[in-house]
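Here's a quick tour of some charged side chains and who they pair up with. Have the model open as you read.

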Amino acid sequence: MAISAALDEMREMDTIEGPVEGVLIIVRGDHADPWMIQVQAKYQDAIKTQLHSHLRDQTCLEVMVISCDAKQLRAMMTEIKAQGKAKYVKFVRK
C-alpha cells in the first residue's frame, strides 16, 4: 500500500505544470545538520512562509508555503529526497 501511494505521488508530481501553490511538509532528524538551511536558501524565492518546530528526539518539523513553477518545485523536492535525511516529505497542492 505504501509503495503504491509513493508511486501515485511521483506520477502526480510529474504531471504538474506551470505555477503551483501549496504546503510542503518535512520531518527531519538531526537539528544541528545545516542541509535544510542550504536548501531553503537555494529556493528562497519559492518559499513564501516557513515554520520550523522542534519535536522529540532531535527531530524537526518544517512547514513551508510554496509558490513557484512546477519545475522548481520538482527540483526542490528531488534535492530534499536525495539528501536521504528527511523522514517524511509531502507536498499538499492548493
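The side chains of K42 and E79 come together in a salt bridge, 3.0 Å from N to O (that is, a Lys or Arg side-chain nitrogen within 4 Å of an Asp or Glu carboxyl oxygen). K42 sits in helix α2 and E79 in helix α3, 37 residues apart. K42 is exposed at 52% relative accessible area, while E79 is partly exposed at 21% (buried is under 20%, exposed over 50%, partly exposed in between, with a 1.4 Å probe and protein chains only).

This is a predicted model, where local features need pLDDT of at least 70 and side-chain atom pairs 80 or more, while totals for chains, interfaces and linings use all residues. Residues are numbered from 1 along each chain as its sequence is written, and side-chain values use heavy atoms, leaving out hydrogens and water.

## Two more bridges

The structure holds four salt bridges. In one of them, K85 meets D33 at 2.7 Å, N to O. K85 lies in the loop between α3 and β4 and D33 in the loop between β1 and α2, so this pair ties together parts 52 residues apart in sequence. D33 is buried at 17%; K85, at 32%, is partly exposed.

K94 and E21 also form a salt bridge, at 3.2 Å from N to O. K94 is exposed, with a relative accessible area of 75%.

Notes: Helix = DSSP H or I, 4+ residues; strand = E, 2+ residues; numbered from the N terminus.
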